[in-house]
Protein chains: 2
Amino acid sequence: MAKISALEGPMSFSVETLREAGLRPTRQRISLAKLLFDGVDRHVTAEALHAEAQAAGIRVSLATIYNTLHQFTEVGLLRQVVVDGARTYFDTNIDDHHHFYFEDEGDLVDIPGDSIVVSGLPNVPAGTTQSRVEVVVRVKGRRRS
Amino acid sequence: MAKISALEGPMSFSVETLREAGLRPTRQRISLAKLLFDGVDRHVTAEALHAEAQAAGIRVSLATIYNTLHQFTEVGLLRQVVVDGARTYFDTNIDDHHHFYFEDEGDLVDIPGDSIVVSGLPNVPAGTTQSRVEVVVRVKGRRRS
DNA sequence: TCAATTATTTAGAACGGTTCTAAGGTGAAA
DNA sequence: TTTCACCTTAGAACCGTTCTAAATAATTGA
């Protein structure tokens, strides 16, 4: 109880964020939040986050990874991105922005929000509301590094 | 190229186009092509096309539906659209265009190609080539009919 | 503090769309 | 026709994801 503060890292995330979202700050959620919100925008799949947690010595089941990713998405801490039918990506950048998707590598990269402008958007049909506009720039080939 | 079936009879489309694409004009492929390229742009899932074929009295297995949809996609007769992690949509409209996706109904609708303009696209990383830009306008709620 | 209460985690089973397998069927060249 | 490469098929396998129900952990209240 008194040691929770020792788990908090140097970044902006705090256990208060979880409490405010109505989520109990459990060991698993705190550890995963630390991995995810380390200050750098990230795109993760459930499997990838699970592997990363294992490697970091965090004991957490795959079911909890899925639960946590969905709960974080529900409370607006993450955003789900669909670019590949085979798996689901979660993005720690929840601001308006778009993506490069590297088809050959299955890798997703942010395009800064103010660079792309979409104009000429039609009105949505009566009875519906626009929830968001997604632009994916699909890219083939291997990046030079 | 996109609207051949609207200009020619469905029979000549099927056989000629399949031959040119290097695909044998089998009973199954011809029947499915007739369903798909009837002159109206369509978005189908494998399961939906299978059900439609059954209803039309066409004997074809689900495996063949999948094979055929992929082969048609490879030769440029169809385009694959990813909007929902749970299933794959195939679009008979292969021209440049974008989509409305009705999240509550799982339904995909074309937005005419010339209405939306995307500007400010960044250059793709060195070593890669842009394969396509996809815009999906996600919509919530139920359309009034 | 320490039950009592409630939320969370978990292993493993189940699920659903898609792909694979290997055996039989079919189209086309000669 | 014969031949053979291509195609179709049923059913099994696959794989990411969700579900289940039992164990565990966080919180509440006295």
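This tour of a predicted model goes from the protein surface around DNA strand D to a hairpin in chain B.

Begin by selecting DNA strand D together with the 22 residues around it, among which Tyr66(A), Thr26(B), Gln28(B), Arg29(B) and Thr64(B) come nearest. If you then colour the atoms of DNA strand D that come within 4 Å of the protein, you will find that sugar and phosphate account for 81% of them. Colouring the surrounding residues by class instead gives seven nonpolar, seven polar and eight charged residues.

In chain B, show the side chain of Thr26(B), which places an N or O atom 2.5 Å from a phosphate oxygen of DNA strand D.

Now display the elements that give two or more residues to this surface, namely helix 5 (62–74) of chain A and, in chain B, helix 3 (27–36) and helix 5 (62–74). Helix 5 of chain A gives the most, with four residues.

Finally, turn to chain B and select strand 4 (residues 98–102) and strand 5 (residues 107–111), which run antiparallel and are joined by five bridges. Within this pair, Phe100(B) stands opposite Val109(B). The two strands form a hairpin with four residues between them, and in the turn you can pick out Gly106(B), whose phi is positive at about 65°.

Methods
Residues are numbered from 1 along each chain as its sequence is written. Chains are lettered from A and ligands numbered from 1 in the order in which they are written. This is a predicted model: local features need pLDDT of at least 70, side-chain atom pairs count only at pLDDT 80 or more; totals for chains, interfaces and linings use all residues. Side-chain values use heavy atoms; hydrogens and water are left out. A residue is near a molecule or strand if one of its heavy atoms lies within 4 Å of it. A polar contact is a pair of N or O atoms within 3.5 Å; within protein, one must be able to donate a hydrogen and the other to accept it, and residues adjacent in sequence count only if both atoms are side-chain atoms. Ala, Val, Leu, Ile, Met, Phe, Trp, Tyr, Cys and Pro count as nonpolar, Asp, Glu, Lys and Arg as charged, and the others, Gly among them, as polar. Two strands pair if DSSP finds at least two bridges between them.
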